[in-house]
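Please keep the sequence and the model in view while reading.

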Amino acid sequence: MSETALIGNVIPRADVVKRAARIGAEIRNIKLSGDLPDQTIAAINGALLEHKVIFFRDQSHLDDSEQERFAQRFGRLVPHPIMGAKKGTESIVEIDLRHAGNRADLWHADLTFIDAYPKIAVLRAAVIPPFGGDTVWSNTVAAYLDLPSPLQRLADELWVLYSNAFDHAIMPRARDADKEHWDKVYTRTIYETEHPVVRVHPETGERALVLGDGVRHFVGIPKYDGQKLFDLFKSHITALENTVRWSWKEGDVAMWDNRATQHYAITDYGDQRRLLLRATIAGEVPVNVDGRSSVMRVRPSK
């Protein structure tokens, strides 16, 4: 039985509606909470593994506490390693572009500059502008499968260095305040981690590309050649056929597998306010096809 059929059996009147062929589904007629039965949580997790990102409308009853209670049913909550968590919560980060440095208009998975980056994120829409502000997700498993076999074998062997020491050259639209925030706050503690370009998903066994805009360079490859490789692999990640786009309404919740997706928040809403709140769930250290694990090369001193 597919995970979609399972959730339909477990949750009465719930509908699972695919949003695109390769990624994304909306689950309807369910009220999220920390009190959902274990079988329902297992079915939601199964749908997440199948569709990579799932969406829920009409969840305005959630507050910070209940959002975290729901998220905690899928694993241990973890705060942002640099920014910490919103006061009174374990893991929630406010995504608000009024606060310098909260840009997410680059293709990325969350927090890949650490080794065991989060496995799942749960994002709740609190304030949505009257136009713009969509988010796009990409299926990085499908991107890997799209590669010709020789390029798959090449990707299987490659490693990249990730860091939170951001390269402003690749975010030319950034305001000076954003750059000051990155330099004085976000990079006050430097992390550097080597990840395999291809990680094996610990629950599904699928192979996914790990190659977002936080990459500093390929390990053992000159910068010029590395940039060509980056552009090649990224073109598969961002191919429209591998993506789904979500138009937010207040009270929406999106939940994604951070091990098998990347996302991009579109900043096309001018000076209007857009506020979302993200809870994150602890992940595993990635493992490549040969069983080698990611290694954090630079970590903060304690």
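## Basis of the description

The model is predicted, so local features need pLDDT of at least 70 and side-chain atom pairs count only at pLDDT 80 or more, while totals for chains, interfaces and linings use all residues. Residues are numbered from 1 along each chain as its sequence is written, and side-chain values use heavy atoms, with hydrogens and water left out.

## Overall composition

The protein chain contains seven helices and 16 strands. These elements are DSSP runs numbered from the N terminus: helices are H or I with at least four residues, and strands are E with at least two. Of the 302 residues in the protein chain, 55% are buried. Buried means under 20% relative accessible area, exposed means over 50%, and partly exposed lies in between (1.4 Å probe, protein chains only).

Among contacts in the protein chain with a separation of 6 or more, 82% are between residues 24 or more positions apart. A contact here means heavy atoms within 4.5 Å.

Seven strands form an open sheet in the order 1-2-3-13-5-15-4, and the pairing is mixed. Two strands pair if DSSP finds at least two bridges between them. Strand 1 (15-18) and strand 4 (93-96) are the edge strands, each pairing on one side only. On average, neighbouring strands of this sheet are turned by 25 degrees against each other, direction ignored. Such angles are taken between axes, which are lines fitted to C-alpha atoms (for helices over the stretch in contact), and they run from 0 to 180 degrees between N-to-C directions.

Strand 13 (residues 253-257) runs antiparallel to strand 3 (residues 53-56), and four bridges join the two. Phe56 has Val253 of strand 13 as its bridge partner, and Phe55 stands opposite Ala254. Strand 13 also pairs with strand 5 in the antiparallel sense, over five bridges; here Asp257 is the bridge partner of Ile120. How many residues of strand 13 are buried? Five of its five residues are buried, and the strand is mostly covered. Val253, Met255 and Asp257 point one way, whereas Ala254 and Trp256 point the other way.

## Helices against the sheet

Helix 2 (residues 38-51) lies across strand 1, strand 2 (25-28), strand 3, strand 5 (120-127) and strand 13. Helix 2 runs at about 125 degrees to strand 3.

Helix 3 (residues 64-71) has six of its eight residues buried, so it is largely enclosed by the rest of the structure. The buried residues of helix 3 are Asp64, Glu66, Gln67, Glu68, Phe70 and Ala71. They pack against helix 2, strand 5, strand 13 and strand 15 (275-281).

Four bridges link strand 6 (residues 135-139) with strand 12 in the antiparallel sense. Within this pairing, Thr243 of strand 12 is the bridge partner of Ser138.

## Packing of helix 5 on helix 7

Helix 5 (residues 149-157) packs with helix 7 (residues 223-237) at an angle of about 120 degrees, and their axes are 12 Å apart. That makes helix 5 oblique to helix 7. Angles under 35 degrees count as roughly parallel, over 145 as roughly antiparallel, 65 to 115 as roughly perpendicular and the rest as oblique.

Leu151, Leu154 and Ala155 of helix 5 meet Leu229, Leu232 and Phe233 of helix 7 in this contact. The residues of the contact comprise six nonpolar, no polar and no charged. In this classification Ala, Val, Leu, Ile, Met, Phe, Trp, Tyr, Cys and Pro count as nonpolar, Asp, Glu, Lys and Arg as charged, and the others, Gly among them, as polar.

Asp156 is placed in helix 5 and is buried, with a relative accessible area of 10%. Leaving aside neighbours within four places in sequence, Asp156 is in contact with Tyr144, Val198, Arg207, Asn288 and Val289.

Gln227 is found in helix 7 and is partly exposed, with a relative accessible area of 40%. The C-alpha atoms of Gln227 and Arg216 are separated by 9.9 Å, and the two residues are 11 residues apart along the chain.
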